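Please open the model in a viewer and keep the sequence panel beside it.

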Amino acid sequence: MNKVVANAHAAISDVQDGMTLMLGGFGLCGIPENLIAALVQKNVKNLTCISNNAGVDDFGIGLMLQQRQVKKMISSYVGENAEFERQLLSGELEVELIPQGTLATRCMAAGYGMPAVFTPAGVGTEVAEGKETRVFNGKTYLMEMAFEADFALVKAWKGDTQGNLIFRATARNFNPLMAMAGKTTIAEVEELVPAGELDPDAIHTPGIYVHRIFQGKDYEKRIEQRTVKPR
Amino acid sequence: MLNKEQIAQRIARELRNGMYVNLGIGIPTLVANYVPEEMTIVLQSENGLLGMGPFPFDGEEDPDLINAGKQTITTIPGSVFFDSAMSFGMIRAGKVDLTVLGAMEVADNGDIANWKIPGKMVKGMGGAMDLVASAKNIIVAMQHCSRDGKSKLLSSCTLPITGLGCVKKVVSDLGVFDIDHRGFVLLERAPGISVETIVASTEGRLFVPDEVPEMTF
């Protein structure tokens, strides 16, 4: 079993206009840089993107927003992107803001084969509008549905030819959850190794969830808030 | 009147040894600078880290290692990484002992609004709705009044709600308040701030005990 594809362009060859994509990463940390670049080049349109954030103006999903490739964003926090806010306030872009834990858990539910989960996040708020609620032990919970996505695009640190993935530090974030949730999951990795080289105990995402994998290149790994202390 | 550092310093007095604590963006982040030396506090960053260390030295930043405010950080002995579902799992399950976050408005029944100003600011709630819905103990760090002098401690929130009845304590630039069935209960005054000033600056129900000590730093 070999899931390796040549590069990002080959990996997204069947992504089409109007599809729903999940994109891993938190802020610019752990985003699938190569796959986003390929989507920008391919210029597929009318996408629904599920991603915790929307990048910044000139990097990450921000690049897709510039080209008006995104019809709808489902995110928890979009504060770092002026173009995003402009498109949102002018009504050009449809946006569904949902709590971060809800976003993570709706991905997880999809990967665990559960149609819905119950969470107290958002009870009594705009987020609860139109949603079914249930009371357990005196506390009210919202029913949140598992996500459905045509493709999940994730970035891992290491991966093997069978699609097993290992993430690094806080670049893990939503990546393993989205990897479980895509109808088709594509992983780009910093280091691609033959099956058998990764310690089975150390693998975060079992390859059964991953359909295509390739070694990415030219990682920029841009830092949003470089914060240091003097020596 | 307390400055931002003093608000953080006052909140740090609520810390107890061995607590797992989530600090929000802004003033709450500063609380980490005032953890007493003899105390062990484990900071949770909701993007997927327990055991958040200080900022790195210049040149040692790791783009794969950031906190929930997207700042570069470090790990410390005992640190652990996990995915965002587990991160909010431990929050939802009540494992995090204390959550400190900022607010635009707090109501005297514990409601909080801090994620949206309709038509103006739409940044999103991030993890705030998850945190306030599940945290056992929530302390809010905030300015008591807006720039044009309007109280932000209200009888009911005017902005879109983040969570209902969840705030237990407020530390503002004017004082420290518990929230219970009496509304805002004034516990301490900021240095040089009179009870009368606090009464005049608080739109929500305010309970003033006979003795209201002045904070010292």
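In which helix is the place of Ser87(B)? Select this residue in the predicted model: Ser87(B) lies in helix α3 of chain B.

**Stop 1**

Display Ser87(B) with its accessible surface. The residue is buried, with a relative accessible area of 0%. Next, show its contacts, leaving aside residues up to four places away in sequence: Ser87(B) then touches Gln44(B), Ser45(B), Glu46(B), Asn47(B), Gly48(B) and Phe82(B).

Now inspect the two ends of the helix. At the start of α3(B), a side-chain oxygen of Asp83(B) comes to within 2.9 Å of the backbone nitrogen of Ala85(B). Just after the helix, select Gly94(B), whose phi is positive, at about 80°.

**Stop 1: the interface of chain B and chain A**

Colour the two chains separately and select the residues in contact. On the chain B side there are 49 such residues, and they meet 51 residues of chain A. The two chains bury about 4200 Å² between them, and carbon and sulfur atoms account for 59% of this area. Within chain B, the residues that lose the most area to chain A are Asp64(B), Lys70(B) and Lys123(B), which together make up 19% of what that side buries.

How many residue pairs are in polar contact across the interface of chain B and chain A? There are 29. Among the elements that each supply at least two residues of the chain B side touching chain A are α3 (84-92), β9 (121-122) and α4 (128-134) of chain B.

The interface of chain B and chain A also holds 6 salt bridges. For a link between the chains, select Glu126(A) and Lys116(B): they form a salt bridge in which the closest N and O atoms are 2.9 Å apart.

**Stop 2: salt bridges within the chains**

Over all chains, the count of salt bridges comes to 28. Begin in chain A with Arg68(A) and Glu92(A), whose side chains meet in a salt bridge at 3.0 Å, N to O. The two residues belong to distant parts of the chain, 24 residues apart: Arg68(A) is in the loop between α3 (61-66) and β3 (70-75), and Glu92(A) is in the loop between α4 (82-89) and β4 (94-97) of chain A. Arg68(A) is partly exposed, with a relative accessible area of 44%, and Glu92(A) is partly exposed at 38%.

Move to Glu96(A) and Lys72(A), where the salt bridge is 3.2 Å, N to O. Here strands are linked: Glu96(A) is in β4 of chain A and Lys72(A) is in β3 of chain A, 24 residues apart.

In chain B, select Asp108(B) and Arg205(B), which form a salt bridge with the closest N and O atoms 3.6 Å apart. This pair spans 97 residues, from the loop between β6 (105-107) and β7 (112-113) to the loop between α5 (195-201) and β15 (206-207) of chain B. Asp108(B) is buried, with a relative accessible area of 6%, while Arg205(B) is partly exposed, at 44%. Finally, select Lys155(A), Arg168(A), Glu190(A), Lys221(A), Asp62(B) and Asp64(B), which salt bridges with shared partners join into one network.

**Stop 3: an open sheet in chain A**

Switch to a cartoon view and select β5, β7 and β6 of chain A. In that order these 3 strands form an open sheet with antiparallel pairing. Why is one side of β5 (116-119) and of β6 (133-136) left without a neighbour in the sheet? Both stand at the edges and each has a single partner strand. From one strand to the next, the twist averages 35°.

To close, zoom in on β5(A) and strand β7 (residues 139-145) of chain A, which run antiparallel and are joined by 4 bridges. Val117(A) stands opposite Glu144(A) in β7(A).

Note on methods: Residues are numbered from 1 along each chain as its sequence is written. Chains are lettered from A and ligands numbered from 1 in the order in which they are written. This is a predicted model: local features need pLDDT of at least 70, side-chain atom pairs count only at pLDDT 80 or more; totals for chains, interfaces and linings use all residues. Side-chain values use heavy atoms; hydrogens and water are left out. A salt bridge is a side-chain nitrogen of Lys or Arg within 4 Å of a carboxyl oxygen of Asp or Glu. Buried means under 20% relative accessible area, exposed over 50%, partly exposed in between (1.4 Å probe, protein chains only). Two strands pair if DSSP finds at least two bridges between them. Axes are lines fitted to C-alpha atoms, for helices over the stretch in contact, and angles run from 0 to 180 degrees between N-to-C directions. Contact means heavy atoms within 4.5 Å. Buried area is the accessible area (1.4 Å probe) that two parts lose on being put together, summed over both. A polar contact is a pair of N or O atoms within 3.5 Å; within protein, one must be able to donate a hydrogen and the other to accept it, and residues adjacent in sequence count only if both atoms are side-chain atoms.
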